[in-house]
Amino acid sequence: MLDSQHVLYDVTADGQEDAIRKVVAVAASTGRIGDANAVVQAVLDREQEGTTGFGKGIAIPHGKSNAVKEPTLLFARLANPVDWNSLDGAPVDTLFVILVPADAAGEHLKILSKLARKLMHEDFVQQIKTIASADALVQYVNAELQ
């Protein structure tokens, strides 16, 4: 589900849109999406429907677009927290970004629900916020989301 080329550490972002743009750019660079601007807009449009700021400093921005070639999960740890209008009011420093093709709503909801369930567990949150190696993070997250 998650692979090391989609794990970003110390991302500097001026705000929510900048963070989303930087993460989506990585998906574009690995060939997972075609039109990065269309995908960013899909994620921002979804954000307008309601915040994806989950709480505990974590957000799960997501979007569906014809520009997405295959379901993709990305992880980013921000260098400095940004305001995300989160449910608990806290700024966000950790992102899971879910990008899926427009016709893959089922896959999108499956990934989102697995992540949301795991994020309820303090040990999972602690691990994703502290694991320093991309490979170790990928191994941990993929095992937990099975």
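Visitor: What covers the buried residues of α1?
Guide: The cover includes β1, α2, β5 and β6. Bear in mind that this is a predicted model.

Visitor: And which residues of α1 are buried?
Guide: A19, I20, V23, V24, V26 and A27. Looking down the axis of α1, the buried residues fall within an arc of 145°, so they line one face of the helix.

Visitor: How far does α1 reach, end to end?
Guide: From its first C-alpha to its last, α1 reaches 20 Å, close to the 20 Å expected for its 14 residues at 1.5 Å a residue.

Visitor: What follows α1?
Guide: G31 does, and its phi is positive, near 80°.

Visitor: OK, on to the core. How many residues are in the largest nonpolar one?
Guide: It has 26 residues, and W84, L95 and L99 have the most contacts inside it. Two or more residues each come from β1 (7-11), α1 (16-29), α2 (36-49), β5 (72-82) and β6 (92-101).

Visitor: Which element gives the largest share?
Guide: α1, with six residues.

Visitor: You mentioned L95. What does L95 touch?
Guide: Leaving out residues up to four places away in sequence, L95 touches A19, V23, A59, P61, L74, F75, A76, L78 and W84.

Visitor: Where do I find L2 and I58, in terms of cores?
Guide: They belong to another core that lies apart from the largest one; this other core has 23 residues, and I60 and L137 are among them too.

Visitor: Switching to β6: is V92 buried or exposed?
Guide: V92, which is found in strand β6, counts as buried because its relative accessibility is 0%. Setting aside residues up to four places away in sequence, V92 touches G57, I58, A59, L78, N80, P81, V82, W84 and S86.

Visitor: Last one, S65. Where does it lie?
Guide: S65 lies in strand β4, residues 62-65.

Visitor: Why does S65 count as buried?
Guide: Because its relative accessibility is 10%, and buried means under 20%. S65 touches A38, V39, A42, V100, P101 and A102, again not counting residues up to four places away in sequence.

Conventions
Residues are numbered from 1 along each chain as its sequence is written. This is a predicted model: local features need pLDDT of at least 70, side-chain atom pairs count only at pLDDT 80 or more; totals for chains, interfaces and linings use all residues. Side-chain values use heavy atoms; hydrogens and water are left out. A nonpolar core is a set of buried Ala, Val, Leu, Ile, Met, Phe, Trp, Tyr and Cys residues joined through side-chain atoms within 4.5 Å. Buried means under 20% relative accessible area, exposed over 50%, partly exposed in between (1.4 Å probe, protein chains only). Helices (H or I, at least four residues) and strands (E, at least two) are DSSP runs, numbered from the N terminus. Contact means heavy atoms within 4.5 Å. The expected span of a helix is 1.5 Å times one less than its number of residues. The arc is that of the directions from the helix axis to the C-beta atoms.
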